[in-house]
Amino acid sequence: MTQAIYVFAELRIADLLAEGARRSEDLAAITGTHAPSLRRLLRALTTIEICREREDGSFEITPMGSLLVTDVPESLHSWTICWGSYLWQIWGNLLYSVKTGKSARKLPLGRDSFKKPEQDSKAAAMFNQAFVEFTRLASESIVRTYDFSGLKRITDVGGGYGELLISILRASPATSGVLFDLPHVINGGRRRFEEAGLSSRCEFLEGNFLESVPSGADAYILKSIIHDWDDDKNKLILKNCRHAMAKDGRLLLVERVIPERLEVSAAHREVVRSDLTMLIVHAAKERTEAEFRDLLNSAGFRVTRILPVDMMFKVIEAFPL
């Protein structure tokens with residue numbers, strides 16, 4: 001059903017049904033689709049509670065389907081597009097990655113799509129918005145679990161549009177932030193902070209964390225960065241953070257931590273799905289707690305706390321050795 005949900009999102013049918021119930025023929029005329037086929041799609045989606053067919057044959061949105069409405073705070077529209085288009089193509093090459101240990105992202109698309117995202121502004125905006133939506137699912141739990149209030153200045157390294165940093169600044173009124181990411185991302189971050197009314201409390205810096213990280217912060221936070229890279233690249237990223245911070249500075253990683261032993265559960269399925277996605281997309285991985293400790297120690301850090309939060313994420317706190 002992944003593709004059925006993706007098509008529903010791509011056609012923005014949730015936006016149309018949010019205005020009220022409509023017949024499939026009307027939706028087909030608006031979306032430029034084949035009416036009988038669209039009706040079959042909508043009926044299929046009633047079985048997983050994305051929409052509901054009424055007695056008169058029209059369709060209405062459900063609470064689950066409302067998550068696909070664009071421009072609402074709880075939207076998962078871009079995340080759905082990301083999975084249904086880009087990641088769907090790559091997952092078809094899992095066999096290649098299992099056989100070789102290499103990323104499969106060049107195979108279906110003919111080029112390395114993450115190497116120069118600034119060349120495809122539409123795709124880059126979709127990816128960054130998708131991760132805004134995904135971060136939103138865990139950010140409240142993160143700021144509720146970890147006390148940021150004693151920190152004066154926090155740098156969000158590779159923070160995208162800054163959704164986590166926005167949550168931190170809202171929860172800690174005395175804290176200021178630095179959003180640090182590639183040039184093609186930072187403009188979107190500025191707009192997001194302006195919308196949130198927090199642009200006066202944040203500095204926006206362009207750069208590449210594989211080259212350097214700006215100094216001057218009490219804490220450096222990296223969410224869903226480490227799982228994108230192999231150990232050698234991660235040591236470089238972490239050492240750049242270590243070089244930028246003072247002796248009493250702290251490092252905060254927000255990452256999924258894969259259990260040493262897996263069980264039959266929805267939570268464990270989610271984390272291993274993410275692990276296999278990292279294999280296919282980046283030739284990277286999710287790590288166990290022991291692997292995080294070893295990696296951080298090799299980059300000059302000691303782990304002091306590991307705090308569980310929502311979505312199988314953990315906040316890993318570390319200080320320089």
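These legends accompany close-up views of a predicted model.

**View 1. The chain is assigned two domains.**
Domain 1 covers residues 1-67. Domain 2 is made of two segments, 136-260 and 281-320. Taken over C-alpha atoms, the centres of domain 1 and domain 2 lie 39 Å apart.

**View 2. Helix 1 has buried residues covered by several elements.**
Helix 1 spans residues 2-10. Its buried residues are Ala4, Tyr6, Phe8 and Ala9. Among the elements that cover them are helix 2 (13-17) and helix 4 (35-46). Strand 2 (59-61) and helix 5 (77-91) also contribute to this cover.

**View 3. Helix 3 packs against helix 4.**
Two packed helices are described by the angle between their axes and the distance between the axes. For helix 3 (residues 24-31) and helix 4, the angle is about 115°. The two axes are 9 Å apart. The crossing is right-handed. From helix 3, the contact takes in Ser24, Glu25, Leu27, Ala28 and Thr31. Helix 4 brings Ala35, Leu38, Arg39 and Leu42. Sorted by class, the contact of helix 3 with helix 4 holds five nonpolar, two polar and two charged residues. An α-helix has 3.6 residues a turn, so residues three or four places apart point the same way.

The loop containing Asp71 runs between strand 2 and helix 5. Is Asp71 buried or exposed? Asp71 is exposed, because its relative accessibility is 76% and exposed means over 50%.

**View 4. Asn128 is a buried residue of helix 8.**
Helix 8 covers residues 121-145. Asn128 has a relative accessible area of 15%. That value is under 20%, so Asn128 counts as buried. Setting aside residues up to four places away in sequence, Asn128 touches Gly160, Tyr161 and Val185.

**View 5. Lys152 lies in the loop between helix 8 and strand 3.**
Strand 3 covers residues 153-157. Lys152 is exposed, with 63% relative accessible area. Which residues does Lys152 contact, leaving aside neighbours within four places in sequence? They are Ala174, Thr175, Ser176 and Asp218. Lys152 and Ser176 are 24 residues apart in sequence. In space, their C-alpha atoms are 6.1 Å apart.

**View 6. Gly177 is buried in strand 4.**
Strand 4 covers residues 176-181. The relative accessibility of Gly177 is 1%, so this glycine counts as buried. Beyond its neighbours within four places in sequence, Gly177 contacts Ile154, Leu165 and Leu169, among others. Arg201, Cys202 and Glu203 are also in contact with Gly177. Gly162 is 15 residues from Gly177 along the chain. The C-alpha atoms of Gly162 and Gly177 are separated by 9.7 Å.

**View 7. Two cysteines are buried, and the model has zero disulfides.**
Cys82 has a relative accessible area of 2%, so Cys82 is buried. A disulfide needs a pair of cysteine sulfur atoms within 2.5 Å, and by this rule the count is zero. Cys202 is in no disulfide. Why? The nearest cysteine sulfur, that of Cys241, is 16 Å away, and a disulfide requires sulfur atoms within 2.5 Å, so Cys202 has no partner by this rule. Cys202 is also buried, at 9% relative accessibility.

**View 8. Ser224 is buried in a loop.**
This loop joins strand 6 (219-223) and helix 11 (231-244). Ser224 has 13% relative accessibility, so Ser224 counts as buried. Apart from neighbours within four places in sequence, Ser224 contacts Val254, Glu255 and Phe313.

**View 9. Met311 is partly exposed between two strands.**
Met311 lies in the loop between strand 8 (301-308) and strand 9 (313-320). Its phi is positive, about 65°, although Met311 is not a glycine. Met311 counts as partly exposed because its relative accessibility is 30%, between the 20% and 50% cut-offs.

Methods: Residues are numbered from 1 along each chain as its sequence is written. This is a predicted model: local features need pLDDT of at least 70, side-chain atom pairs count only at pLDDT 80 or more; totals for chains, interfaces and linings use all residues. Side-chain values use heavy atoms; hydrogens and water are left out. Buried means under 20% relative accessible area, exposed over 50%, partly exposed in between (1.4 Å probe, protein chains only). Helices (H or I, at least four residues) and strands (E, at least two) are DSSP runs, numbered from the N terminus. Contact means heavy atoms within 4.5 Å. Domain bounds come from an automatic or database domain assignment. Axes are lines fitted to C-alpha atoms, for helices over the stretch in contact, and angles run from 0 to 180 degrees between N-to-C directions. A crossing is left-handed if the near helix is turned anticlockwise from the far one by less than a right angle, and right-handed if clockwise. Ala, Val, Leu, Ile, Met, Phe, Trp, Tyr, Cys and Pro count as nonpolar, Asp, Glu, Lys and Arg as charged, and the others, Gly among them, as polar.
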